[in-house]
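Open the model in your viewer and keep the selection panel at hand. The stops below go from one selection to the next.

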Amino acid sequence: MTGSTERHQHLFIVRTWREPSAVVATAEWRGLVEHVPTGQRRYFTRMEELDRFILQLMDGTASEATADSP
């Protein structure tokens, strides 16, 4: 077999919870995603933010996905 195929793997932990709000009558969903290999974390309130963080890391643009940014 010639050449080597490098296998890229990612592991993410996603936590979600409902947070009561003093402003609106219903609780809001919140979340935290962590990229286990690098320890980078991102809090999110919308699924689009979760998607963007994961895609940035998988595409290799992790410099845009800074740790603990809102």
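**Start at Glu-34**

Select Glu-34: at 15% relative accessibility it counts as buried, where buried means under 20% relative accessible area, exposed over 50% and partly exposed in between (1.4 Å probe, protein chains only). The model is predicted, so local features need pLDDT of at least 70 and side-chain atom pairs count only at pLDDT 80 or more, while totals for chains, interfaces and linings use all residues. Residues are numbered from 1 along each chain as its sequence is written, and side-chain values use heavy atoms, with hydrogens and water left out.

Glu-34 lies in strand β2; helices (H or I, at least four residues) and strands (E, at least two) are DSSP runs numbered from the N terminus. Now show what surrounds Glu-34. Leaving aside neighbours within four places in sequence, Glu-34 is in contact (heavy atoms within 4.5 Å) with Leu-11, Phe-12, Ile-13, Arg-15, Gly-39, Gln-40 and Arg-41.

Keep Arg-41 from that list. Its side chain meets that of Glu-34 in a salt bridge (3.6 Å, N to O); the term means a side-chain nitrogen of Lys or Arg within 4 Å of a carboxyl oxygen of Asp or Glu. Arg-41 counts as partly exposed, at 30% relative accessibility.

**Across to Ile-13**

Which residue in β2 is the bridge partner of Ile-13? It is Glu-34. Ile-13 lies in strand β1 and, at 34% relative accessibility, counts as partly exposed.

With Ile-13 they form a nonpolar patch on the surface, with about 220 Å² of accessible area together. Patches are made of residues with over 30% relative accessible area and no salt bridge, like charges being joined within 9 Å and nonpolar side chains (Val, Leu, Ile, Met, Phe, Trp, Tyr) within 5 Å. Accessible areas come from the Shrake-Rupley method with a 1.4 Å probe, and for residues only the protein chains shown count as cover.

**The sheet and the helix**

Switch to the cartoon view. The order β1-β2-β3 describes an open sheet of three strands with antiparallel pairing; two strands pair if DSSP finds at least two bridges between them. β1 (12–19) and β3 (40–44) are at the edges with a single partner strand each, so one side of each has no neighbour in the sheet. On average, neighbouring strands of this sheet are turned by 15° against each other, direction ignored.

Select residues 28–35 for β2, which pairs with β1 in the antiparallel sense over eight bridges. Then select residues 47–59: this is helix α1, which lies across β1, β2 and β3 and runs at about 160° to β3. Axes are lines fitted to C-alpha atoms, for helices over the stretch in contact, and angles run from 0 to 180 degrees between N-to-C directions.

**Last stop: Arg-30**

A search of the whole structure finds three salt bridges. Select Arg-30 and Glu-19, whose side chains meet in one of them (3.9 Å, N to O). This pair links distant parts of the chain, with Arg-30 in strand β2 and Glu-19 in strand β1, 11 residues apart. Arg-30 is partly exposed at 27% relative accessible area, and Glu-19 is partly exposed at 33%.

Glu-28 counts as partly exposed, at 35% relative accessibility.
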